[in-house]
Number of protein chains: 2
Amino acid sequence: MSSFPVTERSKIRRMHERGSHEHAAVHAVLDAAPLCHVGYVIDGEPYVTPTIHWRKGNRVFWHGSAASRFLRKIEGQRVCLTVSLMDGYVLARSAYNHSVNFRSAMVFGRAQSLTDPDEIAAALRHLVDDVFPGRWDSLRPMSAQEQKATSVVWMDIEEASVKDRVAPPGDDDEADYPVWAGVLPMRTALGAAEPAPGPHHDLPLPEELARLIASGRLR
Amino acid sequence: MSSFPVTERSKIRRMHERGSHEHAAVHAVLDAAPLCHVGYVIDGEPYVTPTIHWRKGNRVFWHGSAASRFLRKIEGQRVCLTVSLMDGYVLARSAYNHSVNFRSAMVFGRAQSLTDPDEIAAALRHLVDDVFPGRWDSLRPMSAQEQKATSVVWMDIEEASVKDRVAPPGDDDEADYPVWAGVLPMRTALGAAEPAPGPHHDLPLPEELARLIASGRLR
């Protein structure tokens, strides 16, 4: 089952040595999922924290509480941010040729916090409107205290590796074994909206949210 | 949006100091998803590799090519293995109270490779049959060469942190802002099986695969 795990990938290479086609491939994986896993080192030990990310050009952002140990510790440090989407189980005629259809990108850079209040406000608006188009302006405005309690971290992608597998099983020479082979596709989707209790609970679902759910995308 | 990212979690604690209820909570998150992200350190730099994991008691396993740099480099080293499931977007009346419903577990230990061929064979059988009950015995048997080309890594969970959020938005005091609030649930599921071309492509889908697809679970 050497091909089952999502561990084989393109060589890690500097972004400035990659062509625009390769840049686009890295960015497409980052954009396809809202969730990433950030790896970092504290006192020589590895940590992996899941968080929501967003992207602008070759810069990737994430955020959290200003009190977060994670965000305070990575300031100025090298991190590895990985985004993975499992697209299906690949069932072959031999165990060895079982695999996974997937897309993944591993990007490297140095984490930095935004310090300018206007840049922080613009970044948070970008995060909300990137997933829910136009929502920011409909919300109760963010207070100065709330913004102060929020850190926004960014990094420019210095190196990256990207890989996918999109194919049926690769062992159709195994004609002697009459076993079902094929792909079980896997997909993450949004379901029917669940209105919250409380004030204005009978407001209709905004059109942009209905469109997002219907699109089959996650952002 | 201090609660948007999936970064707040229970304190990292030694497993032997946790009660059986807490053990069960850590294990339930590991079992709910086939995909984990393994964080490790090479020459002081962080890396995060996605892979398929499985569990037996308090021991977690993953595998890959015996030639994998990742698997060779982590032998005997501390790693952080994180499993995260996004269960929904939480849309509040203020940007700050937007959040994500999720489950995540971060587990720590020292990676070790299996060396005994019988243990390797048993572990790979466990991996296949864990996801696809009974499939191993229907496959073309694994060759000695294939097994030699496959590494199986395990670690006993020494420390862990587990967290979830399962709730509507928390700002129903914001009655002055008539904006839709609620949850957009997110779910990953298997779709209709896609038989592979090649020999025996007209075999019926095995019952255990039909059951897996219908169950709504991923393993």
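Visitor: How much area do chain A and chain B bury between them?

Guide: In this predicted model, the two chains bury about 8,400 Å² between them, and 69% of it lies on carbon and sulfur atoms. The contact draws on 101 residues from chain A and 100 residues from chain B.

Visitor: How many salt bridges does the rule find across the interface of chain A and chain B?

Guide: A salt bridge is counted when a side-chain nitrogen of Lys or Arg lies within 4 Å of a carboxyl oxygen of Asp or Glu. By that rule there are four across the interface of chain A and chain B. One of them joins A:R78 to B:E45, with the closest N and O atoms 2.8 Å apart.

Visitor: Which element gives the most to the side of chain A that touches chain B?

Guide: Strand β10 of chain A, residues 182–190, gives the most, with nine residues. As for composition, that side of chain A divides into 65 nonpolar, 23 polar and 13 charged residues.

Visitor: How do β10(A) and strand β10 of chain B run, and how many bridges join them?

Guide: The two strands run antiparallel and are joined by five bridges. Within this pairing, A:L190 stands opposite B:M186 in β10(B).

Visitor: What should be noted about chain A itself?

Guide: Chain A has five helices and eleven strands. Its C-alpha atoms fill a box of roughly 70 × 50 × 35 Å along the principal axes. Of the 219 residues in chain A, 54% are buried. Among contacts in chain A with a separation of 6 or more, 71% link residues 24 or more positions apart.

Technical notes
Residues are numbered from 1 along each chain as its sequence is written. Chains are lettered from A and ligands numbered from 1 in the order in which they are written. This is a predicted model: local features need pLDDT of at least 70, side-chain atom pairs count only at pLDDT 80 or more; totals for chains, interfaces and linings use all residues. Side-chain values use heavy atoms; hydrogens and water are left out. Contact means heavy atoms within 4.5 Å. Buried area is the accessible area (1.4 Å probe) that two parts lose on being put together, summed over both. Helices (H or I, at least four residues) and strands (E, at least two) are DSSP runs, numbered from the N terminus. Ala, Val, Leu, Ile, Met, Phe, Trp, Tyr, Cys and Pro count as nonpolar, Asp, Glu, Lys and Arg as charged, and the others, Gly among them, as polar. Two strands pair if DSSP finds at least two bridges between them. Buried means under 20% relative accessible area, exposed over 50%, partly exposed in between (1.4 Å probe, protein chains only).
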